[in-house]
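This briefing sets out selected features of the structure shown below. The points are grouped by topic for reference beside the coordinates.

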Amino acid sequence: MGTVAAIGARTSVSGLALAGVDVLVAEDPDAVRGAWRTLPGTVGLVILTAVAAEALGSAATAPDPSRPLTVVMPG
């Protein structure tokens with residue numbers, strides 16, 4: 001099983017580190033896209049804030065066997 005990562009604003013994702021989630025703080029759309037591009041291949045699940053998901057667009061959240069499973073936190 002892979003690791004879990006979260007991408008989004010510090011105030012929304014930092015608490016997930018307490019559960020062992022790899023937190024990638026991204027405060028603006030460019031930072032979100034940069035964090036997405038640098039996800040390690042070991043990541044099996046990515047948790048996105050609603051704002052981060054919007055920055056990535058629907059292609060990142062659509063099911064695809066070549067990407068980790070992606071879920072969006074309620075806004």
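Asp64 is partly exposed, with 30% relative accessible area; here buried means under 20% relative accessible area, exposed over 50%, and partly exposed in between (1.4 Å probe, protein chains only). The side chain of Asp64 meets that of Arg67 in a salt bridge, at 3.3 Å from N to O, and Arg67 is likewise partly exposed, at 25% relative accessibility. A salt bridge is defined as a side-chain nitrogen of Lys or Arg within 4 Å of a carboxyl oxygen of Asp or Glu.

The model is predicted: local features need pLDDT of at least 70 and side-chain atom pairs count only at pLDDT 80 or more, whereas totals for chains, interfaces and linings use all residues. Residues are numbered from 1 along each chain as its sequence is written, and side-chain values use heavy atoms, with hydrogens and water left out.

**Salt bridges**

- The structure contains two salt bridges.
- One of them links Arg33 to Asp30, with the closest N and O atoms 2.7 Å apart.
- Both Arg33 and Asp30 belong to helix α2 (residues 29-37), where they are three residues apart, about one turn of the helix; helices (H or I, at least four residues) and strands (E, at least two) are DSSP runs, numbered from the N terminus.
- Asp30 is exposed, at 55% relative accessible area, while Arg33 is partly exposed, at 31%.

**Sheet**

- Four strands form an open sheet in the order β2-β1-β3-β4, with parallel pairing.
- Because β2 and β4 (69-72) stand at the edges with a single partner strand each, one side of each is left without a neighbour in the sheet.
- From one strand to the next, the twist averages 20°; axes are lines fitted to C-alpha atoms, for helices over the stretch in contact, and angles run from 0 to 180 degrees between N-to-C directions.
- Strand β1 (residues 3-8) runs parallel to β3 and is joined to it by five bridges; two strands count as paired if DSSP finds at least two bridges between them.
- Val4 has Leu45 in β3 as its bridge partner, and Leu45 in turn has Leu69 in β4 as a bridge partner.
- Four bridges connect β1 and β2 in the parallel sense, with Ala5 opposite Asp22 of β2.
- The pairing of β3 with β4 is also parallel and comprises four bridges.

**Helix on the sheet**

- Helix α2 lies across β1, β2, β3 and β4 and runs at about 165° to β1.

**Two loop residues**

- Leu16 is located in the loop between α1 (10-13) and β2 (22-25) and is partly exposed, with a relative accessible area of 23%.
- Leaving aside residues up to four places away in sequence, Leu16 touches Ala6, Val21, Val23 and Ile47, where contact means heavy atoms within 4.5 Å.
- Leu16 and Ile47 are separated by 31 residues in sequence and by 9.6 Å in space, C-alpha to C-alpha.
- Thr49 lies in the loop between β3 (43-48) and α3 (50-56).
- Thr49 counts as buried because its relative accessibility is 9%.
- Apart from residues up to four places away in sequence, Thr49 touches Ile7, Gly8, Ala9, Ser12, Val13, Val72 and Met73.
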